[in-house]
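Here is a short briefing on a ligand site and the annotated residues beside it. Please have a look at the structure first, then read on.

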Amino acid sequence: TDLSRIRNFSIIAHIDHGKSTLADRLIQRCGGLTDREMTAQVLDNMDIEKERGITIKAQTVRLDYTASDGLTYELNLMDTPGHVDFAYEVSRSLAACEGALLVVDAAQGVEAQTLANVYQSIEHDHEIVPVINKIDLPAAEPEKVKAEIEEVIGLDASEAVLASAKSGIGIDEVLEAIVKKIPAPKGDRDAPLEAMLVDSWYDPYLGVVILVRVVNGVIKKGQQIKFMIGGTEHLIDRVGCMRPKIETLSEIAAGEIGFITAQIKDISQTRVGDTITTVKNGAATPLPGFKEVQPVVFCGLFPVDANDFEKLRDSISKLRLNDASFSFEMESSAALGFGFRCGFLGLLHLEIIQERLTREYDLDLITTAPSVVYKLQLTHGNGEMELHNPADMPDPTKIAAIEEPWIEAVIYCPDEYLGSILKLCQDRRGIQKNLTYVANRAQVTYELPLNEVVFDFYDRLKSISRGYASFDYHQIGYRDGDLVKMSIMVNGEPVDALSMIVHRGSAETRGRGMCERLKDLIPRHLFKIPIQAAIGGKVIARETIAAMRKDVTAKCYGGDISRKKKLLDKQKEGKKRMREYGSVSIPQEAFIAALRMG
Ligand code: GDP
Ligand code: MG
C-alpha cells in the first residue's frame, strides 16, 4: 500500500469513557464484520476484560475506509491496555502509531488516566484528535469538556468530534478526522528490515502470534528472522492482519502493522519492544525504547485443598503461556503447604490472575500478603539482595540498610473529597508534590512508597471518594526506608503467610489492627488462643481469643437428632476450608480478610 493511504492510530481514554464501544463502531462502519458477527466489544476478547471493562492484551484491527475524497485508506486501529499496570505495553503500542483518538466522556470530563495516556501520546509526537463521546447522555456538557481539554491538557479542542459511540452519532466524522488529521507513516521498504515487536500472545492453533509494526523494509513468509535483543532466530511461516478475523497477507511493509507467526513455542522468547530483523543483511542496531519488564508485586498462591497442587501448577503454566510478564516459582510454607510465589506487574495484574485461576480453572486459593521487591544492603561486605518474600528476610543484624520502591501518583477528584484524600496519602507516608485546580476538580501529585499502596490504597481511595477519584502512577526508583519485618503468631507459632514488611512508624498500628481482625476471624477453640504481632522477638500487639465453654452440639442434647446432625455437617463443611495451624484451625477467609487494612 502507498504510504500516503495508511493511518496508524490508537484510542486513548479513561476507563469506561467508551473506547471499546467506539472501536466496535469503527469496525462495523468499515465492514470488518457482518452484523451477526458483531457481538459487543470485539476487541476485548476475554471474559474478565469484559466484566472489568479493561483491555489486557493489545490487539489491532485493519480497516478499509473510503473517505469523502473518494480514496480508500488502510486504517490500523491499535487497541491499548487500559490500566497503569501495563504502562510499558501501552508505550510500545503508542510508539507503533502516528496519532491517537482522545475519547473523553461528555458527562465525566477529563480524568487521571486520560491525562496519563495523553501525555504519553504527546511524548510519542502523536497527532491527537479529541472525540467527545456520550453526547446522547442528558448530563452531557460537551462545551464544558472542550474547555477542560484545552485548559487541562493544552490541546486545541475547537474541532473536537462530538460523538455517541452507543447511538452511532459522529462515526463518519471520526473516520474523516483520522484521514485528514493523523499523518501517514514514514519508512523505507527498500532498507534492511526493522520491525518492532508490539505484542505477542499464545493461540492454540497458530502458536505464538506476534504483532509487529514494520518501521523499515518488508517482512514476509519464508524469511529467516532474528530478535535483536532476545537473540533467537526463527523462520516466518505466516504474515497477516486482523479485520478482526485473521487474513493472510503476502507481506507487511514499512509503515504497516500486522502479525507474524514463526513456530515459536514459548512466549518468553518474544519481548515487547524487541526489534525483529532478517538474519542476512539485517539492521545493525535495535530500535530505541526497549525496556525489560520486571514484576513489582509478589505474593504466594496456595491451594486451599492440598490435593489441588498439581492442578494449580497446570493452571498457572497455562496462564503463563499468554502472559510473559507474570512469574512463578514453587514455594512451601509451614502453614499453607505447597504453592507458588508469583510476581506481577501491579495489583490489578495480581487480581486478574487470581480471578482467572479461581474462575476459569475452578481453584480455591489462599493469597498471602502482597509484597513489593525490597533491596537489602547486607553487613560485613556481603553485598546486596533482592527480597521478594518477607519470609526470606535475613536476621536484622545482617542487614545494613533496606531500600523500598517509590511511586509518583496522580490523583484526580472533585474537590469535596480532597481533604480525606490528602489525609489518606499523608497516612501512607506520602509526600505532596503538587496541587492544582480546574473548575471544581483537584489534581494532586504525591510521592508514595509502593508498599503503602499495594495493600488497599485503591479500594480506600474509591470508597472515600464514592468512586469519583481516579488514580494513576509510575515508579520513580528506590529509597532508604526504616522498615522491619512484622510476624504474626497464633498460639505461639509464627504464621508465615501473614508476616509482612512494614514501616517502623506504622508497625504498631498495623500489628494491632491485624490482631484485632484475627481475633474476630478465628473461631473459638476449646482452649485460649493468644494472637501476637512481633518485631524480632518483641511483641508489639496482642489479643486473646477466649476458650469455648462447651461443645457446640451440647445445647442440642435432648433436642431433635436431625438438628444435631445438621450442625455437625455444617462443622465438617467449615473444616474443609480451614487450615490446621498447630492445634488451631484458621478459616481460609481469615487470611484474606486479615490482609485488608481497616
Ligand atoms: P472503555 O472502558 O473506554 O472501553 O469503555 P466501553 O466502551 O466499555 O464503555 C463503557 C460503558 O459506557 C459501556 O456501558 C458502554 O455501553 C457505555 N457507552 C459507551 N459509549 C457510549 C455513548 O456514546 N453513550 C452512552 N450513553 N453510553 C456509552
Ligand atoms: Mg474497553
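In this predicted model, α1 gives the largest share of the shell around ligand 1, with three residues (helices are DSSP runs of H or I, at least four residues, and strands are runs of E, at least two, numbered from the N terminus). Residues are numbered from 1 along each chain as written, with chains lettered from A and ligands numbered from 1 in written order. Local features need pLDDT of at least 70 and side-chain atom pairs pLDDT 80 or more, while totals for chains, interfaces and linings use all residues; side-chain values use heavy atoms, without hydrogens and water.

**Around ligand 1**
- The shell holds three nonpolar, nine polar and five charged residues (Asp, Glu, Lys and Arg count as charged; Ala, Val, Leu, Ile, Met, Phe, Trp, Tyr, Cys and Pro as nonpolar; the others, Gly among them, as polar).
- An oxygen atom of ligand 1 lies 2.5 Å from a polar side-chain atom of Thr-21.
- A backbone N or O atom of Ala-165 lies 3.0 Å from an oxygen atom of ligand 1.
- Ligand 1 alone exposes 570 Å², and the protein buries 80% of that (Shrake-Rupley method, 1.4 Å probe).

**Two annotated residues**
- The unreviewed UniProt entry's "binding site" annotation includes His-17 and Asp-136; such annotations may be inferred rather than shown by experiment.
- His-17 sits in the loop between β1 (6–13) and α1 (19–29) and is buried, at 1% relative accessible area (buried is under 20%, exposed over 50%, partly exposed in between; 1.4 Å probe, protein chains only).
- Asp-136, in the loop between β5 (127–133) and α5 (142–153), is partly exposed at 37%.

Methods
Polar contact = N/O pair within 3.5 Å; in protein donor to acceptor, adjacent residues only side chain to side chain.
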